Amino acid sequence: MQNRKWKLFGIAIALLGILGAMLSLGISSYFHLEAALLVLAGVTSNALLASKEKTLARRVGEGAVYFGWLGLLIAWISIASNGFNALNAAELGVSTAYSLHPLLYGYVVKFISLSLDE
């Protein structure tokens, strides 16, 4: 039980550090509903489909990262198919930033899930 309290304390410190960085850079830039839903779908599907030999926390973490990378690739394919020349620099910057959201969410979920793994 004592070890679990330290794990939760460590998670809280890490999440506060991430949140602090986001707040200092502009918190609204870090939220993208579609990316969160994609990672949630990955978490759910991998938790249900992956080998039951792995713990639930490990299956959740893997699903989050898999779908984070898939979200990144889907977004980059969309950016490339629209043509880099068709986008001005500001639009390309926003599109690139949005493309990274699923990967960020995936790794944050993986960090939390592996921290809670027993």
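**Salt bridges**

Lys54 pairs up with Glu62 in a salt bridge, and their closest N and O atoms sit 3.0 Å apart. The term here means a side-chain nitrogen of Lys or Arg within 4 Å of a carboxyl oxygen of Asp or Glu. This is a predicted model, so local features need pLDDT of at least 70 and side-chain atom pairs count only at pLDDT 80 or more, while totals for chains, interfaces and linings use all residues. Side-chain values use heavy atoms, with hydrogens and water left out, and residues are numbered from 1 along each chain as its sequence is written. (Buried is under 20% relative accessible area, exposed is over 50%, and partly exposed falls in between, using a 1.4 Å probe and protein chains only.)

How many salt bridges does this rule give? The count is two. In the other one, the side chains of Asp117 and Arg58 meet at 3.3 Å, N to O. That pair ties together distant parts of the chain, with Asp117 in the segment after α4 and Arg58 in helix α3 (residues 56-81), 59 residues apart. Asp117 is buried, with a relative accessible area of 12%, while Arg58 is partly exposed at 39%. Side chains of opposite charge can pair when their charged atoms come close.

Helix α4 covers residues 89-116, which is 28 residues. Helices here are DSSP runs of H or I with at least four residues (strands are E runs of at least two), numbered from the N terminus. From first C-alpha to last, α4 reaches 41 Å, close to the 40 Å expected at 1.5 Å a residue; the expected span is 1.5 Å times one less than the number of residues.

Where does α4 kink? There is a kink of about 25° at His101, shortly before the proline Pro102. The bend is the angle between axes fitted to the seven residues ending at a residue and the seven starting there. His101 and Pro102 are both among the buried residues of α4, a list that also includes Leu103, Tyr105 and Gly106.

The structure holds one aromatic pair. The ring centres of Trp6 and Phe9 are 5.9 Å apart and their planes stand at 80°, so the pair is edge-to-face. (Rings of Phe, Tyr and Trp, the last by its six-membered ring, pair if their centres lie within 6.5 Å; planes under 30 degrees apart are stacked, over 60 edge-to-face, and the rest tilted.) Both residues belong to helix α1 (residues 2-25), three residues apart, or about one turn of the helix. Trp6 is exposed at 54% relative accessible area, and Phe9 is partly exposed at 47%.
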